[in-house]
Amino acid sequence: MAEIDFQAAVAQVGAFVAALIEPGMRLGLGTGRTTSAFLEALRPRLTGQFPITAVCTSAATEEHARSLGITVVASTTIPLDLDIDGADEIDPALDLIKGGGGAMVREKVVAERSRRFWVIADAGKLVPRLGERHPVPLEVLPFDWEGTAARVAHVTGATPIRRGQQAPFVTDNGNFVLDLPYRDRRLAPAELARAMEVIPGIVGHGLFLRTATAALISDGQSVTVLGDLQHRRDPL
């Protein structure tokens, strides 16, 4: 595969998705450069006759959305029409590894409360199986994080690395992030997800399994749609 121009790809897919947004929609907004590209592509359409309400998954996304005049709400009991977010890896089943920006817990909450969840990404994020290029992020409590990391290593056979060199990376929730190498895949994704969900100290993980309803992928030349853009589900 030819080298992908990341900036061109995310600008293209951002513009493609922005053209599909309808006035009055209630959006979930992810975190990261791809979501930012989508918001910038949406900017020209955001006039007084094009109201949008959004639940944002990070302080950075909230600041960006407010600067464009989007009405930001902290929570909602009404299902969101559409969640738009990026991913670190996307496999053929549209299962994902997310959390490169450290917002995976909030992103999962918003995804599960949305009728549709579209993943937007450059073609370099496509992998034959999860774990090929990226570790699985784990958001953990700062309290006894080293003990939590030791438990993860015991269960998975892989040593998680705390994100942040001199000082730990801290999420908007006030927690740390451990990056768990996953290339060896001692556990299948569903098995790993279940194992991480029962370890005390882990707040959440970056495996998004059977969550995305569609993926929109750009190679900088064209956008490919995987899945069904019209598929809707009953949010949890």
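1. Asp85, Lys98 and Glu107 are joined in a network of salt bridges. The model is a predicted one, and the structure holds nine salt bridges.

2. Arg163 and Asp179 meet through their side chains in a salt bridge, with an N to O distance of 2.8 Å. Arg163 belongs to the loop between strand 9 and strand 10, whereas Asp179 is in strand 10, so the pair ties together parts that are 16 residues apart in sequence. Arg163 counts as buried because its relative accessibility is 16%, under the 20% limit. Asp179 also counts as buried, at 16% relative accessibility.

3. Arg183 and Glu132 form a further salt bridge, in which the closest N and O atoms are 3.7 Å apart. Arg183 lies in the loop between strand 10 and helix 6 (189–197), and Glu132 in the loop between strand 7 (117–122) and strand 8 (136–140); the pair therefore ties together parts that are 51 residues apart in sequence. Arg183 counts as partly exposed, at 49% relative accessibility, and Glu132 is partly exposed too, with a relative accessible area of 24%.

4. Glu40 and Arg43 form a salt bridge whose closest N and O atoms are 2.9 Å apart. Glu40 counts as partly exposed at 36% relative accessibility, and Arg43 is likewise partly exposed, its relative accessible area being 41%.

5. Is Asn175 buried or exposed? With a relative accessibility of 7%, Asn175 counts as buried. This residue sits in the loop between strand 9 (161–162) and strand 10 (176–180). The Asn175 side chain makes a polar contact with the side chain of Glu139, at 2.8 Å. Leaving aside residues up to four places away in sequence, Asn175 touches Glu139, Val140, Leu141, Pro142, Phe169, Val170 and Val203.

6. An open sheet is formed by three strands in the order 5-6-12, with antiparallel pairing. Strand 5 (89–90) and strand 12 (207–208) are the edge strands, each pairing on one side only. Strand 5 is joined to strand 6 (residues 96–97) by two bridges, and these strands run antiparallel. Which residue of strand 6 does Ile90 stand opposite? The residue opposite Ile90 is Leu96.

Definitions and conventions
Residues are numbered from 1 along each chain as its sequence is written. This is a predicted model: local features need pLDDT of at least 70, side-chain atom pairs count only at pLDDT 80 or more; totals for chains, interfaces and linings use all residues. Side-chain values use heavy atoms; hydrogens and water are left out. Helices (H or I, at least four residues) and strands (E, at least two) are DSSP runs, numbered from the N terminus. Buried means under 20% relative accessible area, exposed over 50%, partly exposed in between (1.4 Å probe, protein chains only). A polar contact is a pair of N or O atoms within 3.5 Å; within protein, one must be able to donate a hydrogen and the other to accept it, and residues adjacent in sequence count only if both atoms are side-chain atoms. Contact means heavy atoms within 4.5 Å. Two strands pair if DSSP finds at least two bridges between them. A salt bridge is a side-chain nitrogen of Lys or Arg within 4 Å of a carboxyl oxygen of Asp or Glu.
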